[in-house]
Amino acid sequence: MKTKTTLTFKILCSILLIASLTYCFCYPFVYLSNYFEISRGHSGLFVCTDNSKEIIQTYCVQLIPTTDSTATKIVTDTQNSLTGEKVRIRPTEEEGVTIQTIKKVSDTNSAHLSDEIIDIISILVVFVLIITFFILFIKLIRSFSISLIFDKTNSRRLLWMGILMICIGIWEVATPIYNVLKARSEIVLEGYEITFPMLHFESILFGMGILVMNEILRLATSIKEDQDLTI
Amino acid sequence: MAIVVNLDVMMAKRKISLGELADKVGITQANLSILKTGKAKAVRFSTLEALCEALDCQPSDILSYEKGGQND
């Protein structure tokens, strides 16, 4: 059954609907293009090698000087103590630095390729999750804008939105952790300790918030059903 | 539900139709039908009062309790 809503609520729903439609169509493509641009080394912060026989592996980590704790500047080129390979250190746009190792194609081709495939698959999965989230969000707002609020379908949509947001959040947290663990296993830098950059738990918290909202909507729907069946 | 609505019995006794009773009580036929079929979750005192007045009966004639009835 439809609920009486105010004009302000309807206007707010319409604005949200337009904004989310625009965001839904633009954001995933911006997200994907950003990823591929970074992985190809086109970003101003990453250095790309011209030598086609070399592969650059990039890890986004936090480096802490172990010898001189007061050091403010990090060396830009150093050596991997484990393999003796050249390592480049560059600051990132956010917190932390990127460290890059340069390897011969013949040595690491298959390993590098499998890493790339895993990267692309995980990015595509997250891409699908984001698209699904926005589709559910648009359906929810559309439903709200026609005054269909306390409905079991809306409650189910919110539940899935929460689950999807938590999955995206877990991916956002797991990626840097995997990056650091992989970097630690492959690179040892003299005088530096590789640690975790700032981990972002916002999406997980947001997802949990959505689940709480879903529970509230579910209770409200149940109360509304009781109210509708009160003669 | 353990509470059983005997509205249909009372209506048959008083030989009154659903539409007629709905008009007398001042509720819609759809709502009266929900009440008659036992799908209603609650009954307002005002509705019960109007029903008793229209059917000239007591609340106990319309509602009864059956032990071991299915609870929602």
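Tutor: Between chain A and chain B, five residue pairs are in polar contact, both partners having pLDDT 80 or more; the model is a predicted one. The rule also finds one salt bridge across this interface. In that salt bridge, B:Lys41 is joined to A:Asp226, and the closest N and O atoms lie 3.2 Å apart. Sorted by class, the side of chain A that touches chain B holds two nonpolar, two polar and one charged residues.

The extent of the meeting may be considered next. Chain A supplies five residues to the contact, while chain B supplies 11 residues. The size of an interface is often expressed as the accessible area that is lost when the parts come together. Here the two chains, A and B, bury about 730 Å² between them, and 58% of that area is on carbon and sulfur atoms. Within chain A, the residues that lose the most area to chain B are A:Leu229, A:Thr230 and A:Ile231; together they account for 83% of what that side buries.

For context on chain B itself, one may turn to its helix H4, which covers residues 45–55. Its buried residues are B:Thr47, B:Leu48, B:Ala50, B:Leu51, B:Cys52, B:Ala54 and B:Leu55. These buried residues pack against several elements of chain B, namely helix H1 (7–14), helix H2 (18–25), helix H3 (29–36), helix H5 (59–62) and strand S2 (63–65). Just after H4 of chain B comes B:Asp56, with a positive phi of about 55°.

Notes. Residues are numbered from 1 along each chain as its sequence is written. Chains are lettered from A and ligands numbered from 1 in the order in which they are written. This is a predicted model: local features need pLDDT of at least 70, side-chain atom pairs count only at pLDDT 80 or more; totals for chains, interfaces and linings use all residues. Side-chain values use heavy atoms; hydrogens and water are left out. Buried means under 20% relative accessible area, exposed over 50%, partly exposed in between (1.4 Å probe, protein chains only). Helices (H or I, at least four residues) and strands (E, at least two) are DSSP runs, numbered from the N terminus. Contact means heavy atoms within 4.5 Å. Buried area is the accessible area (1.4 Å probe) that two parts lose on being put together, summed over both. A salt bridge is a side-chain nitrogen of Lys or Arg within 4 Å of a carboxyl oxygen of Asp or Glu. A polar contact is a pair of N or O atoms within 3.5 Å; within protein, one must be able to donate a hydrogen and the other to accept it, and residues adjacent in sequence count only if both atoms are side-chain atoms. Ala, Val, Leu, Ile, Met, Phe, Trp, Tyr, Cys and Pro count as nonpolar, Asp, Glu, Lys and Arg as charged, and the others, Gly among them, as polar.
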